[in-house]
Amino acid sequence: MNSDQLFNNSSSTDRRLSILTKHILASSSSSSLAMVSPSPTSASSGGGSVFSNLVQAPEDPILGVTIAYNKDPSPVKLNLGVGAYRTEEGKPLVLNVVRQAEQQLVNDSSRVKEYLPIVGLADFNKLSAKLILGADSPAIQENRVTTVQCLSGTGSLRVGAEFLARHYHERTIYIPLPTWGNHPKVFTLAGLSVKSFRYYDPTTRGLNFQGLLEDLQSAPSGAIVLLHACAHNPTGVDPTPQQWEQIRQLLRSKALLPFFDSAYQGFASGSLDTDAQSVRMFVADGGECLVAQSYAKNMGLYGERVGALSIVCRAADVASRVESQLKLVIRPMYSNPPIHGASIVATILKDRNMFQDWTLELKAMADRIISMRQQLFDALCARGTPGDWSHIIRQIGMFTFTGLNLDQVAFMTKEYHIYMTSDGRISMAGLSSRTVPHLADAIHAAVTRVA
Amino acid sequence: MALRTIISGRVIRFGAVLGGRSMSSWWGNVEPAAKDPILGVTEAFLADPRPNKVNVGVGAYRDDNGKPVVLECVREAERRIAGNLNMEYLPMGGSAKMVEETLKLAYGENSDLIKDKRIAAIQALSGTGACRIFADFQKRFCPDSQIYIPVPTWANHHNIWRDAHVPQRTFHYYHPESKGLDFASMMDDIKNAPNGSFFMLHACAHNPTGVDPSEEQWREISYQFKVKGHFPFFDMAYQGFASGDPEKDAKSIRIFLEDGHLIGCAQSYAKNMGLYGQRVGCLSVVCEDEMQAVAVKSQLQQLARPMYSNPPIHGALIVSTILGDPDLKKLWLKEVKVMADRIIGMRTALRENLEKLGSSLSWEHITNQIGMFCYSGLTPEQVDRLTDEFHIYMTRNGRISMAGVTTGNVGYLANAIHEVTKSA
């Protein structure tokens, strides 16, 4: 009988012998396991990994675009994939006001790095609520809003969704078709079931308003509805104010719960207030809603992961109970949020001059994008590219849903080294006056040569 | 006043169209949640107006003046970072440079596992975030598994695995009578657990007890784990902070690695680099080969993406700036030792003070235990008296954060402890 068989018999004598043998024979670390084999029922059979059956996950479709772009050696390559702002020179931008705030923080030697409270930086929370709801919002004045700092838009959505899955009576969320690729995963992992409502109309490249109303009308009472506050991602198609009013009435009449994703406030039209109108309209009617805010784009703080979740409640005591439950979601996820980005935001928002400067820089970014839209539209018209391209200037925000199909997109990548997500979404922020002609050529070629 | 309006044959309360002023909140049935037992202590402390109040609650380092500390190496790193780089998104797995340096700390500068690219690792939101992503990963890929957690442990461990929907079991750890390790019961629990169970182990400076297995004991534990095919998950939140020497503090992990275990590990820079609020950490999983490590990493990222997309950049830059610069790294090691030594000094001082006061109880455990915390053995009632009568704040399990003890308050603290225990 060899020592393995000795061991597997598992009698205590055998084990003692086996252990003795190990101690006598194993003087070097590498042989110390020669005598030991885990029993047959062990999850890690033969010392292998318990995760050996795992397969590699597919690349994230959006972040994978940048990976592919980086690999391309072509000098004319263009990255119109991920929605991160670029200057006319194609460079990432750190706002002046952000640099200023950063310098202030570094120079302040009294600053420490202690844990923030679970709900984050108090100043930041108050100022964020004011930013989205309006400084004179009755909901704020009546203490009916609970705001917690979260990790950008993603984190705010996830925390809000986890809260809903635990405390709300309806576990279904309706998301627009299409929507940001990460939305379904966020809600599913949070424990909600995801359904969709019609949103984009490929024939008009605009809003399928009829379809939207019908689908939400047939949703069960109380269901949650995800709404992009402005600059819908990926289509750039937003409801008009009149349409928003109709949507509001429909949601309220069916007691559907609105969950706003506000990732582009100020970035869409150039005005912070204009871009918050949809949210404020809902809050003004006295009803409840959730809002996820991100400072990734409008303050250029992408990698700092700064955002906030606000839950507008009917009464102040409800708001405080809700906050206590939000903490229970956050604590086992990451304990408390990161301090740096929120400190930058709070510094800017509370200083009148810095706030002013910020609005100017924000408008400049929004204006550059609007100008890129116009230039691209003009370039396509000049080339006589077949089709109606007016949606490029009708759509709003960082993205244009070109309407190009999978084959056309693949063609543009292969022949013109233009990188975009396969749904035909292009980030206007990645364009410049210099590169618009190249893109227009590529679109023209794709439309005329690829079905 | 609700007007009734008849619209296309249906009666709709006017109130509903206005957002339902007459309707009640959806959250009427939301109960107020219990305060976090640890973080709630600091809240209470801050609210106390007494000048002689003492906070030995939350585990955040304080200098001998009771002030929070930002390490010199961190200040210098921040000066270098500010104004230089952009703030673009990190990849989902975080800063590769930071992760690389962090793995060296846990696994060794010259680790073969690192050379062979067998470790799947991502930047995580400090220790909490690393544990949570691992717990979610465990649930997804070993859905029938459960986690064995020591008694006692950091309270949030239970919350983390519960929210990940992984069933929990406990194993014996702390021995109240000796205020040390209940090694025999612990080994029994390890042997009696079904083969292939997942265990959560504190790599060093056990929180809240400060009681760590000896090197010999770690070897026996590792051996038994091999016998049973158990999965060891290490939570290492205090590397460098326990003994003052990061290499020494990683001994338990190195023993397991020598024995060939494929471990999981959560690392945090909250305490040892004083980066608490920056939320910087790392989750790593040792795999059989590079291909498997690539697959595991991709799956870890799939869990991070719907939680926060990608991790915060600032803290990671601080870490990689420090660890990537030999001089800054040397400075850091020095500063970590200073913090650890101060705590060891305070342990000695507290024990000596209690003994000088003529306490009949044994206070050996104060200097036997290691790391930031001392499990004093005080009962919840005694803790309440400390708070109410002496304005000393700690968690009700009797855990004292030694980092909050100073030469200025150690006498006061000893006196108070003596007062509430002398009739015991």
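Of the 451 residues of chain A, 62% count as buried, in a model that is predicted.

**The interface of chains A and B**

The size of an interface is often given as the accessible area lost when the parts come together. Between chain A and chain B, the area buried is about 8,400 Å², and carbon and sulfur atoms give 58% of it. On the side of chain A, the residues that lose the most area to chain B are F51(A), K113(A) and Y115(A), which together account for 10% of what that side buries. The contact takes 104 residues from chain A and 97 residues from chain B.

Polar contact across this interface involves 26 residue pairs, with both residues at pLDDT 80 or more. The elements of chain A that give two or more residues to the side touching chain B include α2 (12-25), α7 (152-167) and α13 (316-334), and of these α13(A) gives the most, with twelve residues. By class, that side of chain A has 49 nonpolar, 31 polar and 24 charged residues.

**A buried helix in chain B**

How many of the eleven residues of helix α13 (residues 313-323) of chain B are buried? Eleven of the eleven are, so this helix is largely enclosed by the rest of the structure. Among these buried residues are I313(B), H314(B), L317(B) and L323(B). The buried residues of α13(B) pack against α14 of chain A, and also against α3 (72-81), α4 (96-107), β4 (119-124) and α14 (326-356) of chain B.

**Salt bridges**

Side chains of opposite charge can pair when their charged atoms come close. A search of the whole structure finds 40 salt bridges over all chains, and the count between chain A and chain B is five.

| Side chains in the salt bridge | N to O distance |
|---|---|
| D163(B) and R166(A) | 2.8 Å |
| E43(B) and K327(A) | 3.9 Å |
| D325(B) and R80(B) | 2.9 Å |
| R219(B) and E215(B) | 3.0 Å |

The salt bridge of E43(B) and K327(A) crosses between chains, from helix α2 (residues 39-47) of chain B to helix α13 of chain A. E43(B) is partly exposed, with a relative accessible area of 39%.

Within chain B, D325(B) and R80(B) also meet in a salt bridge. D325(B) lies in the loop between α13 and α14 of chain B, whereas R80(B) lies in helix α3 of chain B, so the pair ties together parts that are 245 residues apart in sequence. D325(B) is buried, with a relative accessible area of 17%, while R80(B) is partly exposed at 35%.

R219(B) and E215(B) are four residues apart in helix α9 (residues 215-228) of chain B, and therefore separated by about one helical turn. R219(B) is partly exposed, with a relative accessible area of 28%, and E215(B) also counts as partly exposed, at 40% relative accessibility. Elsewhere, salt bridges that share partners join R158(A), E162(A), R166(A), R162(B) and D163(B) into one network.

How values were computed: Residues are numbered from 1 along each chain as its sequence is written. Chains are lettered from A and ligands numbered from 1 in the order in which they are written. This is a predicted model: local features need pLDDT of at least 70, side-chain atom pairs count only at pLDDT 80 or more; totals for chains, interfaces and linings use all residues. Side-chain values use heavy atoms; hydrogens and water are left out. Buried means under 20% relative accessible area, exposed over 50%, partly exposed in between (1.4 Å probe, protein chains only). Contact means heavy atoms within 4.5 Å. Buried area is the accessible area (1.4 Å probe) that two parts lose on being put together, summed over both. A salt bridge is a side-chain nitrogen of Lys or Arg within 4 Å of a carboxyl oxygen of Asp or Glu. A polar contact is a pair of N or O atoms within 3.5 Å; within protein, one must be able to donate a hydrogen and the other to accept it, and residues adjacent in sequence count only if both atoms are side-chain atoms. Ala, Val, Leu, Ile, Met, Phe, Trp, Tyr, Cys and Pro count as nonpolar, Asp, Glu, Lys and Arg as charged, and the others, Gly among them, as polar.
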